[in-house]
Amino acid sequence: MLSESSSFLKGMMLGSVFCALITMLGHIRIGHGNRMHHHEHHHLQAPNKEDILKISEAERMELSKSFRVYCIVLVKPKDVSLWAAVKETWTKHCDKAEFFSSENVKVFESINVGTNDMWLMMRKAYKYAFDKYRDQYNWFFLARPTTFAVIENLKYFLLKKDPSQPFYLGHTVKSGDLEYVSVDGGIVLSIESMKRLNSILNVPEKCPEQGGMIWKISEDKQLAVCLKYAGIFAENAEDAEGKDVFNTKSVGLFIKEAMTNHPNQVIEGCCSDMAVTFNGLTPNQMHVMMYGVYRLRAFGHIFNDALVFLPPNRSEND
């Protein structure tokens, strides 16, 4: 009898604990649900070309000059060949590009953040960029040294986006309940997102340096956690056909997949015409991309784009 009574009491206690836990989780879920309710955009598309044509030429010129993109590239000494390729290719089209290294490297100029930890490198790079350039640039693009970016396409995509709004975009990935922008495809933050991120970088409960977890999570996931506390959510960037414009793989890999999956539409089935990034490139492939994007022309084919983004001065490679 005593044994049955003891078992009954244990069951009651376990049941109570379980109910309390369910209630707590319910409150947490409700809290997240309320925050998500105020999130108005999730899949962002490039502006319609017809809409751009409606803008006067003077306004278009003003628009093209108003977009200023600051590029952050996170590098380590072992990346020196990639570093050289990125420096000589697409970063020349950023309004300003700086390399953040884990240590001093004599060969190239960089900002030494004094750590090998990728999340700490990212935090310090964002902090440096905001403190120094908050009044000079309205968009901040972060990439790996294996990424190739077409900055003009990035500016076109952002054309009708207001940087005073909290944008955090790129190629989104879902991990459990967390949706984040993959650093492999590059991460774009508006100046408003930079402000909000900067305000919580020194709040350990919301944005810890080491993640505050039993296991370590990647730097792009940790960034998403911090931004979520600031009311900023990841958004997937797409073209008018719904194709991703921030890509986590190389063009070659996409074409290989298209040859298998869409053998009759290899080029059309590969990637967006307005792609902003590709990832996983070697130094040689960086230069091939640079030639294909900025140099190669098909005689007789004239592209009359409604808007022109001129590269910065001293960008002599196009």
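**Helix packing, a hairpin and aromatic pairs**

Q: How do the axes of α4 and α10 cross?
A: In this predicted model, the axes of helix α4 (residues 80–88) and helix α10 (residues 283–294) come within 8 Å and cross at roughly 10 degrees. Axes are lines fitted to C-alpha atoms, for helices over the stretch in contact, with angles from 0 to 180 degrees between N-to-C directions. That makes α4 roughly parallel to α10, a label for angles under 35 degrees, with over 145 counted as roughly antiparallel, 65 to 115 as roughly perpendicular and the rest as oblique.

Q: Which residues make that contact?
A: S81, L82, A85, V86 and E88 of α4 and P283, M286 and H287 of α10 make the contact, where contact means heavy atoms within 4.5 Å.

Q: What about the numbering and limits of the model?
A: Residues are numbered from 1 along each chain as its sequence is written, and side-chain values use heavy atoms, leaving out hydrogens and water. Local features need pLDDT of at least 70 and side-chain atom pairs count only at pLDDT 80 or more, while totals for chains, interfaces and linings use all residues.

Q: Next, how do α7 and α8 cross?
A: Helix α7 (residues 191–200) and helix α8 (residues 219–229) have axes that come within 9 Å and cross at roughly 95 degrees. The two helices are therefore roughly perpendicular to each other. S193, L197 and I200 in α7 meet L223, C226, L227 and Y229 in α8.

Q: Changing topic: which way do β8 and β9 run, parallel or antiparallel?
A: Strand β8 (residues 172–175) and strand β9 (residues 178–181) run antiparallel and are joined by four bridges; strands pair if DSSP finds at least two bridges between them. V173 has Y180 in β9 as its bridge partner.

Q: What lies between them?
A: Two residues lie between the strands of this hairpin, and G176 in the turn has a positive phi of about 65 degrees.

Q: How many aromatic pairs are there?
A: The structure holds eleven aromatic pairs, meaning Phe, Tyr or Trp (six-membered ring) rings with centres within 6.5 Å; planes under 30 degrees apart count as stacked, over 60 as edge-to-face and the rest as tilted. Among them, Y70 and Y137 form a tilted pair, 5.6 Å centre to centre with 45 degrees between the planes.

Q: Is Y70 buried or exposed?
A: Y70 counts as buried at 0% relative accessibility, and Y137 counts as buried at 6%. Buried means under 20% relative accessible area, exposed over 50% and partly exposed in between, with a 1.4 Å probe and protein chains only.
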